[in-house]
Amino acid sequence: VTTTDRRRFLVESTKFLLLTGASATAIEHVLAGEPEAAPNYHTQDHWWAMAIDVEKCIGCGNCVRACKEENDVPREAYHFRTWVERYHVRTEDLEHPDVDSPNGGYDGFPEKYRAGDGAKSFFVPKLCNQCAHSPCVQVCPVGATFESPDGVVLVDKKYCMGCRYCVQACPYGCRYIDPRTGTVDKCSLCYHRITKGLTTACCEACPTGARQLADLKDPKDPIHEFLRTHKVQILKPQMATGAKVYYNGLDGSVR
Amino acid sequence: MALASQPTGTPATDRCPSAEKGWGGWLSSRTKSTCCASPGCFWPGSSPFFSCSSSSSPRDSVRTGALDDNRASTAKFGGQATCVECHTDEAKARAAGKHAHVACEACHGALGKHAADPETLKPVRPDPRTLCVVCHAANVAKPTGFPQIDPKDHPDGVCTECHVAHDPGSAPEEKKK
């Protein structure tokens, strides 16, 4: 990318002309001001995604609670970075499932259906799909929402003016306005964790391994085996969002 | 359906190439007019009706330091690898049993603070009657094959009297005798 080349040229020439040793490293941080200049993490080496195995989700709500705890999400039932939906699909009407998500699954799912009622029920965890061609990024008028070089859709809270355009643009309903700040908030794929070698809070807390953080640029990541050996689907492929949350065992009734 | 977001050399290469290559691309990304609106550009996602400036060169509008801001907060979950550094016995028992793939903090909660200062910040032992049923209470929407119980069938039981929490397949020591 030309702009990166220009930046690199400027940094290198400045270092050559003015600086030596430690100060040369420091100026990279100052000028770049981004993780790709920080030690041990290089954004160009990663391309983050998530794999979700619907058939493993037990609807315990651990991910929802862990996410709210880790990311200080308001505890009201309208603000979620991740949530779990329960589908109840009657065989005579596959197109119109009953979907509920009491408090986003934060308190688990009280039994509502009975076995043998002629329907199938299952849980579907939802989160930001970290789209590679994200509608929310395209509509932001101030560049506050952006796709990071390592494939995560992030919000710059210093630029966000709370216009809510992105909230409406997201086809997956993954964004909310934080009532405390008036700015938008969404799943950041625990960017503060994954850039330091940890997995996301939801994956850490998931007891069945239904959710797996994946780095598509890491050849050793189990995601490659998972994608090879499973029939995966993304949500709303017709929207051409380039979603990177891959669902295994996803029922056609899920929207 | 193609997996639209397979990794490439740089994430930007699957975007409209006219905005990426050479000085002309740089110019068009600055003027934000000729990229995808140019006639004959059939790059996927191109639209003659909308400016694609935000997706063709996203970095132009991103504030320097926005990535660092997103990285800044402290992790509250310490992570499985951190737990087993000290708690080797529990890790060993857990690794042998059916809870081998359940991370410590899935049951014990976020304990990053405890990992940072183990002496002063002591975690509270979870109550089995409320904790175990979070996962194991019967629900028809759960996958068949996942071990489930109806709490009403065990009105007085404390789960850990019969099951070892870290290795639920085995019985506690006093029961074995």
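**Exercise 1. Find which residues lie nearest the centre of the largest cavity, and describe its lining.**

Solution. The largest cavity is lined by 15 residues, and those nearest its centre are C140(A), C160(A), C163(A), C166(A) and V184(A). Here a cavity is a set of points, on a 1 Å grid over the protein atoms alone, where a 1.4 Å probe fits but cannot get out, and lining residues have an atom within 4 Å of such a point. Next, sort the lining by class: 12 residues are nonpolar, 2 are polar and 1 is charged, where Ala, Val, Leu, Ile, Met, Phe, Trp, Tyr, Cys and Pro count as nonpolar, Asp, Glu, Lys and Arg as charged, and the others, Gly among them, as polar. The space in this largest cavity comes to about 110 Å³, and the count of cavities of 30 Å³ or more is 5.

This is a predicted model, in which local features need pLDDT of at least 70 and side-chain atom pairs count only at pLDDT 80 or more, while totals for chains, interfaces and linings use all residues. Residues are numbered from 1 along each chain as its sequence is written, chains are lettered from A in the order in which they are written, and side-chain values use heavy atoms, with hydrogens and water left out.

**Exercise 2. Trace the order of the open sheet formed by 4 strands of chain A.**

Solution. The order is β9-β1-β11-β10 with mixed pairing; strands are DSSP runs of E of at least two residues, numbered from the N terminus, and two of them pair if DSSP finds at least two bridges between them. β9 and β10 (232-233) of chain A are at the edges with a single partner strand each, so one side of each has no neighbour in the sheet. Strand β1 (residues 48-53) of chain A pairs with β9(A) in the antiparallel sense over 5 bridges, with W48(A) opposite D215(A). β1(A) also pairs with β11 (residues 245-248) of chain A, in the parallel sense over 4 bridges, and M50(A) stands opposite V245(A). Finally, 4 of the 5 residues of β9(A) (residues 211-215) are buried.

Technical notes. Buried means under 20% relative accessible area, exposed over 50%, partly exposed in between (1.4 Å probe, protein chains only). On a 1 Å grid over the protein atoms alone, a cavity is a set of points where a 1.4 Å probe fits but cannot get out, and a pocket is an open set with protein on both sides within 12 Å along at least five of seven lines; lining residues have an atom within 4 Å of a point. Grid points are joined across faces, edges and corners, and a volume is the space filled by probe spheres set on the points.
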